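User: I am new to this structure. Please show me how to read it, one feature at a time.

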Amino acid sequence: VQLQASGGGLVQAGGSLKLSCVASGSIFSWNAMGWYRQAPGKQREVVAAITDGGTADYADSVKGRFTIPRDYAKNTVTLEMNSLKPEDTAVYYCAAVAVVTPEGEYDYWGQGTLVTVSS
């Protein structure tokens, strides 16, 4: 199973970006998919996640600005980021939790995508 993230880039404060993550491979099901981020000198933190049932949850710092829409494309998760702030600058990682594969159940991480918000 591989997770491919895309959509990062440079944006001015107040702007918007959309991140996408596609999981490929032999996937029977997954419990949740979402996004983490890691800013320079800081620990990785969860940003937002959505369950297979469509329930989304967000970090307090992004509530009202970021959205994980229910994407009916199989094994895909997106992150719509609006009203971006310089403090949102980080490497963003997508993750899939409790992914059921022919080999068992695992968590997976994608490669990071850099989001830079200029002031």
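**Reading a loop residue**

Analyst: N75 sits in the loop between strand 7 (66-67) and strand 8 (76-81). Strands (E, at least two residues) are DSSP runs, numbered from the N terminus. This is a predicted model, where local features need pLDDT of at least 70, side-chain atom pairs count only at pLDDT 80 or more, and totals for chains, interfaces and linings use all residues. Residues are numbered from 1 along each chain as its sequence is written, and side-chain values use heavy atoms, with hydrogens and water left out.

User: Is N75 buried or exposed?

Analyst: Buried means under 20% relative accessible area, exposed over 50%, and partly exposed in between (1.4 Å probe, protein chains only). N75 counts as buried because its relative accessibility is 9%.

User: Which residues does N75 touch?

Analyst: Contact means heavy atoms within 4.5 Å. Not counting residues up to four places away in sequence, N75 touches C21, V22, A23, I27, W30 and M33.

User: With which side chain does the side chain of N75 make a polar contact?

Analyst: A polar contact is a pair of N or O atoms within 3.5 Å; within protein, one must be able to donate a hydrogen and the other to accept it, and residues adjacent in sequence count only if both atoms are side-chain atoms. Here the partner is the side chain of W30, at 3.0 Å.

User: Now take G14. Where does G14 lie?

Analyst: G14 is in the loop between strand 2 (9-12) and strand 3 (17-24). G14 counts as exposed because its relative accessibility is 52%. Not counting residues up to four places away in sequence, G14 touches S83 and L84.

User: How many salt bridges are there?

Analyst: A salt bridge is a side-chain nitrogen of Lys or Arg within 4 Å of a carboxyl oxygen of Asp or Glu. The count comes to four. One of them joins the side chains of E45 and R37 (2.7 Å, N to O). E45 is partly exposed, at 35% relative accessibility.

User: Which salt bridge does R37 form with D88, and what does the pair tie together?

Analyst: Their side chains meet at 3.0 Å, N to O. R37 lies in strand 4 (residues 32-38) and D88 in the loop between strand 8 and strand 9 (90-101), so the pair ties together parts 51 residues apart in sequence. Both R37 and D88 are buried.

User: What about R65 and D88?

Analyst: R65 forms a salt bridge with D88, with the closest N and O atoms 2.7 Å apart. R65 is in the loop between strand 6 (56-58) and strand 7, 23 residues from D88. Salt bridges that share partners join R37, E45, R65 and D88 into one network.

Technical notes: Helices (H or I, at least four residues) and strands (E, at least two) are DSSP runs, numbered from the N terminus.
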